[in-house]
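Hello,

Here is the structure I promised to pass on. Have a look at it first, and my notes follow below.

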Amino acid sequence: MAEVTLENVKKIYGRNPEVLAVKDVSLHIQDREFFVFLGPSGCGKTTTLRMIAGLEEISGGTIYFDKKTVNDLTPQKRNVSMAFENYALYPTLSVWENIAFPLKIRKWNNDTIRKKMEWVAGALQIGDILHKKPFELSGGQQQRVSLARAIVREAEVFLFDEPLSHLDMKQRQLMRAEIKRINKDLQNTMIYVTHDQKEAMALADRIAVMNDGKLQQVGTPFEIYENPVNEFVAGFIGEPPMNFLNCQILRLNDFFELILKKQVIAKIHQSRLPNQELFPQFVRVGIRPKRIQITNSENKKDALQAAVIVYESIGEKGILKVQLLGEPIYLITEPNQKFSKGENIHLSFPIQYLFFFNPETGERINLK
Amino acid sequence: MFRIRKIFDETMEQDVDEMKKSKIKLTGILRVIGLSAYFTFALTPIIWILMMSLKNHNDVIATPPKFIFTPTIENYKAITVGMKSYAFESVRPDFPKYFLNTFIIASFTVIVSLFLGTIAAYSLARFSFRFKEDIAFTFLSFRFAPELMVILPLYVVFQKMHLYDTFVGLILAYQLITLPFLIWVLRGFFEEIPREIEQAARVDGYTWWGVFRRISLPLVKPGIAAVVVLSFIFAWNNFIFAMILGSERTQPITLGILGFIGYERVLWGQMAAATIICVIPELLLAFFVQKYIIRGLTFGAVKG
């Protein structure tokens, strides 16, 4: 059990110091925290995890476990345990030997090993496959074994590198719950890497969203969802993703009007703008699919006409794709509403649910 | 009547089946012919030499060749214990010494190659360093450079370094034959091992060396078996290095056999007997690790 601190951690691959796989990542992971690195593939999240594990050299910056610098320690000396994306079971060893492997290296006595094995076999329900060889197992079982091998040890930090990415949807959900439960039982610091935002939201105490080697935002799932700091984070979290519209801003008396292709989609009172001079002439406006309102009356002010492209009903909700002034927009609707292709509907964008982003930097512009 | 009908029907059915079967049969027959042809091609020289080794001198040189003769083990006796039983006795009863020489040279060549080669192969497969591919290619180039091209300079070097006609010298020179082959085959094997398995073992608590010894090496066992046997055979069969860089003291069988070509005549029978004895260790070795060789050499090819 340990706190993990990253200070300006960098990773350079190859000889060109300009190309950074990880750019100046600084963060602090608390003791017993379930911390998730989230981002698209190639964003540097796995590299960061591997630097914490000691499998990847740290090109710059410092990593601390508690107060101790671990930069130059081998994985063996860092006392971390890790579950790999493709399981990485030892093919020549049985399941039992695979899991007991790290304990045997540490020269635990047989009784302790047996007790620990019983516990882990029970926790991950693998008691009946302990004598088998890895190639005889299904993907889900290999997955469990790999998790078992990672958690059987009393490591400082448990690391998980996309451990569920090769499982089917249902198994993934089951294992997600399992991992969460184990985390609660063990009370250990766990660092988890995934590209699946649902997984991240479900598991994490805190999430670090990464993109292009850079840390975008660190926060609780709620903060990340409700209060994204930039367009990338806003667009990455949520399914279907947030809608973005390029709007022009025009001043009309006390109001600023958001104009999309000559139509006004919303108005903001000037008192709410943080700094009128700094507020750009064009903004990216974001709104979550479930926040767009479908209005019945046509003559209602600010209502915008849109044509239905696709409607999917997935039971507990409906997903609607519409064309609004030439822009595709996603909506989440109530399950009892039905739509047909080509149908015209009217939308309104409640001002309190709009997000504003600088079109050049992607940074969020907060209203008062 | 009914019975006749039934028999008729049955024969008809059989005919249809026969037609289907005949196709299968035809490919079967072709296969047998093909295999027999290869078998004859591969085995005739060995059988011929085996027969020669069991003939007395007059039978060996008889024309037309004799297929029916009274076998004799005199040739074997002559070369192993040097017994002089008839007029043209062995002039080189030191054949056992050559056999031992070959054995020493081939074994140590393989041991040295295996030690250096596995480490080199692992490094080439796993680590990235400057000029990696150039180094790998240089190893390979030893293999395709003609031996005759390097042998004369090597002779001069060996003379100066007092390596001429020493076992150490020959074993070093033989590395040119075995080492590149071993490195290239094993490199492929090491590359087949998923990196994550090794990394998992490092995280689980092994040092770099521990991972290599306990995880990686056991996984490439089939490859090692295959290259050891093949390297041993290459080393065992080599002629040119031993001829130029070795002399009386280190002469292996391949050269020893030449000795049967005497001033006055060729001792065909003894030469054949020597050849047969010389082949036996290779055959035995290949026989016992055949399973691994096949698995080893097709490892990359059949993996889906």
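Which domains does the domain assignment give for chain A? There are domain 1 (4-235) and domain 2 (243-365), with bounds that come from an automatic or database assignment. Their C-alpha centres lie 39 Å apart. Seven residues from domain 1 of chain A and eight from domain 2 of chain A make the contact, where contact means C-beta atoms, placed from the backbone, within 7 Å.

Before going on, a word on the basis: this is a predicted model, where local features need pLDDT of at least 70 and side-chain atom pairs count only at pLDDT 80 or more, while totals for chains, interfaces and linings use all residues. Residues are numbered from 1 along each chain as its sequence is written, and chains are lettered from A and ligands numbered from 1 in the order in which they are written.

Now to one residue of chain A. A:Gln293 lies in strand β15 (residues 293-295) of chain A; strands are DSSP runs of E with at least two residues, and helices are runs of H or I with at least four, numbered from the N terminus. Leaving aside neighbours within four places in sequence, A:Gln293 is in contact with A:Leu347, A:Ser348 and A:Pro350. The C-alpha atoms of A:Gln293 and A:Asn110 are separated by 64 Å.

In chain B, helix α8 (residues 195-204) meets helix α9 (residues 208-219). B:Ile197, B:Glu198, B:Ala201 and B:Arg202 in α8(B) are in contact with B:Val211, B:Ile215 and B:Ser216 in α9(B).

Best wishes

Conventions: Contact = placed C-beta atoms within 7 Å. Axes fitted to C-alpha atoms, helices over the stretch in contact; angles between N-to-C directions.
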